[in-house]
Amino acid sequence: MLRTKQRTAVVVFLLPPLGLYLLAVVGPILYSLVLSLFEWDGLSDMRFVGLDNYRQMLFSDDIFWTATGHGLVYLAVSLFFQLVVALMLANLLTYISRGRELVKTVYLLPAIVSTVAIALMFRRIYSLEPLGLVNAALGAVGLDVLQRPFLSDLDTVLVAVSAPEGWRFAGLYMLILYAALIAVPKELEEAARLDGASEWRVFTQIRFPYIRPVFLTTAIMAATYSLRGFDIPYLLTNGGPGHASELLTTYMYKTAFTNTDFGYASTLSVFIVLQCIVAVALILGVRRTGRDAS
Amino acid sequence: MKHTRWALAAAMALALSACNGAGAGGETDPSKVTGEIEPREVSWLLSRPADGAVIATIEEIAADYAEEHPGFSLNLITTPDRPSYLQKFETLATANKLPDFFDTDATPFADKLRQRGDMVDVEALLESLDMLDDYRPLALDYQRFDDGGLFMLPFEFEAEFFWYNTKLFEKAGVEVPATLDDLVDVCGPLRDAGVVPIALDGQDQWPLERYLSYYPFRLAGPDYVKELKKGEASITEEPGRAAAEWIYELGQAGCFPEGFSSTGYTDARDLFTTGKAAIYQIGTWELPTLAGPLPPETEGAVDYFTLPTVDGAVTDDNDYTVVSGIGTALSSRTFDPLVKDFVTYVLQEYPERYAAQGRFSPTTNVETTKPEGASPLYDKVVAELDNLGDETAMPWDTQLDPTSNTRLQQELTLLAQGEITAEEFLTIVDETIKENAE
């Protein structure tokens, strides 16, 4: 138990961040909630429309549902890089000793490069006319049939705008997972190896169960970040061509600042907030069932 | 949570500002503003290149003005990236926090601001200063709202041409297209010669939208788009249909680069200046680049042709897209004797100083100085600008309501890529315009 004096000190230190959080996070969310019940172009008087915006969003806006579906693909691609690839790399990293620091730094590098630079770089990497890196590589190995303008082709654009986001933070999550992996007690692994376990079994039956809590926390971070992904898709294609790479975030942005329909844009933002809450709840649910099982 | 939070914060700012209410604007009649000049800091929110000639000229003029008026300073806040600029501009407008000067096109949003009484009547101002006749009519027309109201000042004057590479045309054995349909026909031979026919900045979407405006402008004149945006004309009628079919044909003929939808402004320009593309549609604001030193592939090979015509055209060959750039409005809320005096000084000084930098003034009272080392192309363009007709093909993106415009731009890319047919394009756009027309 803390003494009264200490408790006061804790409260004093906690209040400012809490106030800031209420002002900068909870406040705007509540305001959006209010704004989503109005029709407003920013200049004319606000007109109360009740749940009309929600009705329009859920029942008569085909772009909304398309964008929601795209969001799930975007999430899947990002998570593939940020969880699966990152975990694989982190695991491999534990087997090398020379140059490990260099590898870590190189993989972490994209996380600190500015988003605009990443977008410009990928625009060139995906380009066909003039020939970009991916298409040049495909041509060099004789896979000319696969060459295409990845950001203009309706079948490839969504994955193409999702991959940079995943690639960008894969190194960061790799580091977190690597830190968890080196904390796995060596005795457990050695005992398993003495009993003749393969490296794969060491990974699936000892290492992964051991780092599971860290992995799930990483999953929450990666999932919430990806659900709100905006910058790279916005800079690369702005949701195009057509709506082929439209995400809820880019759609919301355009509704607000291009169409100046702030009420409906707020409705969309309320949905994004709900989506994030649901995703976190789902992952926490998985964590709880895992804990109960063990 | 960065972006959501940011967007939500913006939403909150907007909500807060709503509580202030729309409120009445200030004094829109400049003649009623009189009194003593009290120097202070004046702000100008603008969307022009930071190293461009307009800003350089304005800064120079402001420095001179400040010498005579101690305490005066001009704070230029520039956001050249247009979408970011519009976001800033709209947020400030909704919060009633627009600065003394702000840049805007004659868009429906700007029209709402004017109707709210937020802008000073620029026509009245120019008239009171006896300067109205100095301006090129086309430069002023570009800034006018539909009812003829003039509330934005032009600071540029540029015509849009089709620049082409004579060496590549020769190599492919093609002639300068006389009609819009001829433009489609030159693409095949150019492709066969291993050249990208037309460089296109698809990322920004307005360049492709220009192409859509050409057929209607030739077939039905400048009023078509004005009727279209009000729902008085339909895009499914002949002018619109011809335009959509033409865009589809351009796409099918391989006129645009593969993957043009993600090509940016400078990438498209580089495609042309490095001799990889044969044609490039852009305004004379790129003249310093195109008439200046170029790579060996394009050195001495750049020429231009103006908007080709069509059979049964109602507009003349010398009528095409002529723009006077984004305009500058004066906020009526802060329009005081100082701002009035300063803007008068700017208007007096600007044309000559701007023209001295080799740029085209929106007025006719000065002559443009040819920059040192500029190619003969420069003189040709100067002569062309003195020979303009009196109609201009207004860019559609400044005309249509924003929702229809966004949808149209998105579908237009798909049309040029051949993902949808002209019929599908027309149906979608027609429905969207009907829903959103004023």
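Guide: Helices (H or I, at least four residues) and strands (E, at least two) are DSSP runs, numbered from the N terminus. Its radius of gyration is 22 Å, close to the 22 Å that the globule rule gives for 438 residues, so chain B is as compact as a globular protein of that length. That radius is taken over C-alpha atoms, and the globule rule is 2.2 Å times the number of residues to the power 0.38. Along the principal axes, the C-alpha atoms of chain B fill a box of roughly 70 × 50 × 50 Å.

Visitor: What should I know about the numbering and the model?

Guide: Residues are numbered from 1 along each chain as its sequence is written, while chains are lettered from A and ligands numbered from 1 in the order in which they are written. This is a predicted model: local features need pLDDT of at least 70, side-chain atom pairs count only at pLDDT 80 or more, and totals for chains, interfaces and linings use all residues.

Visitor: Into which domains is chain B divided?

Guide: Domain bounds come from an automatic or database domain assignment. Here, domain 1 takes 25-157 + 325-368 and domain 2 takes 158-321 + 393-436. Their C-alpha centres lie 30 Å apart. Ten residues of domain 1 of chain B are in contact with seven residues of domain 2 of chain B, where contact asks for C-beta atoms, placed from the backbone, within 7 Å. On the domain 1 side of that contact there are four nonpolar, three polar and three charged residues. For these classes, Ala, Val, Leu, Ile, Met, Phe, Trp, Tyr, Cys and Pro count as nonpolar, Asp, Glu, Lys and Arg as charged, and the others, Gly among them, as polar.

Visitor: At what angle do H9 and H16 of chain B pack?

Guide: Axes are lines fitted to C-alpha atoms, for helices over the stretch in contact, and angles run from 0 to 180 degrees between N-to-C directions. H9 (residues 206-220) and H16 (residues 402-416) of chain B pack at about 80 degrees, with their axes 10 Å apart. These two helices are therefore roughly perpendicular to each other; angles under 35 degrees count as roughly parallel, over 145 as roughly antiparallel, 65 to 115 as roughly perpendicular and the rest as oblique. Leu208(B), Glu209(B) and Leu212(B) in H9(B) meet Gln409(B), Leu412(B), Thr413(B) and Ala416(B) in H16(B). By class, that makes four nonpolar, two polar and one charged.

Visitor: How many residues does each chain bring to the contact between them?

Guide: Chain B brings 40 residues and chain A 46. H1 (2-20), H3 (82-94), H4 (108-115) and H16 of chain B each supply at least two residues of the chain B side. H1(B) gives the most, with eleven residues. The chain B side has 19 nonpolar, 13 polar and eight charged residues.

Visitor: And how many helices and strands does chain A have?

Guide: Chain A has twelve helices and two strands, and its C-alpha atoms fill a box of roughly 75 × 75 × 35 Å along the principal axes. An unreviewed UniProt entry places "domain: ABC transmembrane type-1" on residues 68-283 of chain A. UniProt positions are given in the numbering used here, feature names are shortened, and annotations may be inferred rather than shown by experiment. In the model, residues 68-283 of chain A are 74% helix and 0% strand.

Visitor: Which peptide bond in chain A is cis?

Guide: The one joining Gly240(A) and Pro241(A), with omega about -5 degrees. Pro241(A) is found in the loop between H10 (231-236) and H11 (248-257) of chain A.

Terms used
Contact = placed C-beta atoms within 7 Å.
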